[in-house]
Amino acid sequence: MKYIFTYILFSVTTLSSFSQQLTLRLSSTPETVLINGSATAYLEYFITNNSTDTLVLEKLELVTNESTATILSLDRSQLRTRLHRPEFKTKVDATVMPPGTTNVLYLEPVLKTGKDQAQQAVLLRYTVNHGGRKENHTFRGSLVLKKKAPLVLGTPLREGTWVAVYDPAWERGHRRVLYKGDSAMHLPGRYAIDFIRVDDQGRYARDNEDAIGNWYGYSADVLAVSDGTVLSVRTNFPESATLSAHHQPGPEDATGNYIALQVSSDRVAFYEHLKPGSIRVQPGQRVKKGDVIASLGFTGQSTGPHLHFHVADRNSPLRAEGVPFVFESFKMLGAYTNLENFGSKMWSPVKNKVVLQERPAPNTVIVFE
Ligand SMILES: [Zn+2]
């Protein structure tokens, strides 16, 4: 039987290391989301070196509190791919932490949340190299899973085959792009998905892909994922007819033309890169689930026509926290293991399977039902 709940994680005590060398803070209140039948948590830890020495993070583990079973274990080379030092534009080896530095650690552990494990505490252990000495520490405090109903949404698009383009492992993907707010960093695109339409050969454009009109998804109907009220729209972005003539705007204009739709009391759905002149709604307007509200386009920060979709906790494209959602139903046709040859290569097919109340897995090929 399917899980009908998602789980919310929260810290029960202040998380800090025994030695106070490193302090650790969760960036928001994370929740789990069901992906391929597994409850997956998207966690970001801000880790600061408060000592006067350089510390090298060598190993890190997430363990369950009771059984000390390992949920996830990362060695130094794996840590390098999941640590990011926000103030550095160029790549640094973030496992080496001089005094005063802060890293963000991105983790997506799969947590066991069966019926009898409605609550599960999670601990974080780590090993640092401190001037040639290896020291093991456990962050005090724990994360506890609690039941919470997921946000279930209808389809944002209809006919055709769509690739749910995203991967939490991408170093510059939506999941890792933090924006500075007045008092905190925000991660609006934590659960963002870019939908690109493909044909049955996995091609996203006919003939010359430079012409946006050749993209299969271009101009597709964009639908209200639930009943709700439109909170804001932006409609002033023009569109170039070709990819090559497109000028990438800065982060404040990354959305292009967009619609923000309130889907529950504290949840706002964002539809971005919409086609100029296609937005049929205005702020304050009530819409019904399934209403056509705009057309897919190529405005804002984009490398080709697609629908950017995410849900956040407030009405701000950049200064809000991305929150999880699931779709009522979709059919999964397959997945791309990587997108290197995307557009010229078929996906790896799976036996068509109807998926209920889940988030599409990274780079899966789906049909909305
Ligand atoms: Zn996007």
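## Confidence of the model

The structure is a predicted model. The protein chain has an average pLDDT of 88, and 89% of the residues score at least 70. The stretch of residues 1-18 has a pLDDT below 50.

## An open sheet of three strands

Strands S4, S5 and S12 form an open sheet, in the order S4-S5-S12, with antiparallel pairing. At the edges are strand S4 (32-35) and strand S12 (110-111), each of which pairs on one side only.

Strand S5 covers residues 38-41 and is joined to S12 by two bridges. These two strands run antiparallel. Within this pairing, Ala 39 has Leu 111 of S12 as its bridge partner.

Strand S23 spans residues 257-264. Of its eight residues, six are buried, so the strand is largely enclosed by the rest of the structure.

S23 is joined to strand S22 (residues 228-234) by five bridges, and the two run antiparallel. In this pairing, Val 233 stands opposite Ile 259 of S23.

S23 is also joined to strand S24 (residues 267-274), here by six bridges, and this pair runs antiparallel as well. The bridge partner of Gln 262 is Val 268 in S24. A hairpin connects S23 to S24 through two residues.

## The nonpolar cores

The largest nonpolar core contains 42 residues. Phe 195, Tyr 271 and Phe 309 are the residues with the most contacts inside this core. Strand S28 (residues 326-335) supplies the largest share of the core, namely four residues. Both domain 1 (6-148) and domain 2 (152-368) contribute to this core, with at least three residues from each.

The surroundings of Phe 309 can be described in more detail. Leaving aside neighbours within four places in sequence, Phe 309 is in contact with several aromatic residues, including Tyr 191, Phe 195, Phe 270, Tyr 271, Phe 325 and Phe 327. Other contacts of Phe 309 include Leu 153, Pro 156, Ala 192, Ile 193, Val 225 and Ala 269.

Another core, of 25 residues, lies apart from the largest one. Among its members are Ile 47, Leu 57, Leu 107 and Leu 124.

Note on methods:
Residues numbered from 1 in each chain as written. Predicted model: local features only at pLDDT ≥ 70, side-chain atom pairs only at ≥ 80, totals over all residues. Heavy atoms only, no water. Pairing = 2+ DSSP bridges. Buried < 20%, exposed > 50% of the residue type's maximum accessible area, 1.4 Å probe, protein only. pLDDT = per-residue confidence, 0-100. Contact = heavy atoms within 4.5 Å. Core = buried A, V, L, I, M, F, W, Y, C linked by side-chain atoms within 4.5 Å. Domains from an automatic or database assignment.
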